[in-house]
Amino acid sequence: MIYGLDYLRGKLGQKSNRVLLRYKYYDMKDKTQKISALIPPEFLPLTYALGWCAKAVDSVADRLNIYGFKNDALDINEIYSLNNSDILYDSAILSSLISSCSFLYIDRDDNNYPRIEVVDGANATGIIDTATNMLTEGYAVIERDEQGDVKLEAYFLPYRTEYYEAGKTEPVDVLEHPSPYPLLVPVINRPDARRPFGHSRISRACMSIVQSAQRTLLRTEVGAEFYSVPQKYVVGLSEDAEFNNKSATLASFLSFTKDEDGDKPQLGQFNQQSMQPHLEHLRLLASVFAGETGLTLDDLGFNTQNPTSYEAIVASHTSLKLTAEKAQKQFGTGFLNAGFIAACLRDDYHYQRSIISNMKTLWQPIIMPDAGALGGIGDAVYKINEAAPGYIGKQTLRQITGLEGDDE
């Protein structure tokens, strides 16, 4: 069943606002939903940029480093290398973690070689085949003008890509290709049967906690004013006495004389407001956010004085490590699918998808071992290879240690 270009345009319009909202949280440009009942109006325009959502995304993205493919029957490594793989991989992974799904858009350059670009989830969509994780048809905004309006868009089909300029109903260009799948490949974060395009790392819970933390910072700012200059009061002041509140500053002296009856006013000061409740509340929110995202309080800027050994770091980031391991499997499928389609385009040949069944994506270790851990790994590898000669080779050792050996 073909849904058509108009349907996909409408689908993107429904989903793009959610993606753009998460980008605002990642870029720390979200607006605080303020409760103004007890906040002085002078403080309402204040905004606070809190980078917890960005930290939640970057903590996983920075640990996902792909360096090639194993059993590369189609020489996909070369295709990615010629498409600035160091930037391409990181850009696709980061966008997928933020928007739940990014897309790899494949085209031909001036030399008819495959060109791969990343399109974020706010500018592309499609109909997915959950068996292959490929699209049956896709749509992407390729270019926008300075005002953000669509300038060039593409409609992707098997064996054919159509390009449309804004306001035109007929394609301005058509690319015929040998791939049995559209030249738009999803790279998905945490897909499931109900949401095949995945889940964002910036969940609703993350956004809600950040909103509460921003309001806590606002209340802290208001409280800091009273903490810096405690409120004072005067009782027993004569009705005929002249008193200017603005003159009661830190560097001023106030003079009060007795009245005709010999009475004098009494001066006092309210108890100074404590900042501790605000700090404890912010720490509580940080603990909730850390539990939601698998981070630690140290990651969010609260020093807990934990030891910094390799074993301690691994132990404190167990949940984060599991999240990163799961992401490696999911993202690896997207990169393999895109490489397969790019190889079809490069060789102008319809390959069977079974040709990539034995290919695997190679990743650096999620947490790089320190010098002490390397010694333990070396002893373990030596003992394993003594019992089973050649069981752990050069490639496996790099995946464990992250060290690239010199070629013989």
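1. The model is predicted: local features need pLDDT of at least 70 and side-chain atom pairs pLDDT 80 or more, while totals for chains, interfaces and linings use all residues. Residues are numbered from 1 along each chain as its sequence is written, and side-chain values use heavy atoms, without hydrogens and water.

2. Three strands form an open sheet in the order β3-β2-β9, with antiparallel pairing. Its edge strands, β3 (114-119) and β9 (184-188), each pair on one side only. Strands are DSSP runs (E, at least two residues), numbered from the N terminus, and two of them pair if DSSP finds at least two bridges between them.

3. Five bridges join β2 (residues 101-108) to β9 in the antiparallel sense. In one of these strands, β9, leucine 184 is the bridge partner of tyrosine 105.

4. Helix α4 (residues 85-99; a DSSP run of H or I, at least four residues) lies across β2, β3 and β9.

5. The structure holds ten salt bridges (a side-chain nitrogen of Lys or Arg within 4 Å of a carboxyl oxygen of Asp or Glu). In one of them, glutamate 162 meets arginine 160 at 2.7 Å, N to O. Glutamate 162 is buried at 10% relative accessibility, whereas arginine 160 is partly exposed at 27% (buried is under 20% relative accessible area, exposed over 50%, partly exposed in between; 1.4 Å probe, protein chains only).

6. Aspartate 347 and arginine 346 also meet in a salt bridge, at 2.8 Å, N to O. Shared partners join Asp6, Arg9 and Glu153 into one salt-bridge network.

How values were computed:
Contact means heavy atoms within 4.5 Å. Axes are lines fitted to C-alpha atoms, for helices over the stretch in contact, and angles run from 0 to 180 degrees between N-to-C directions.
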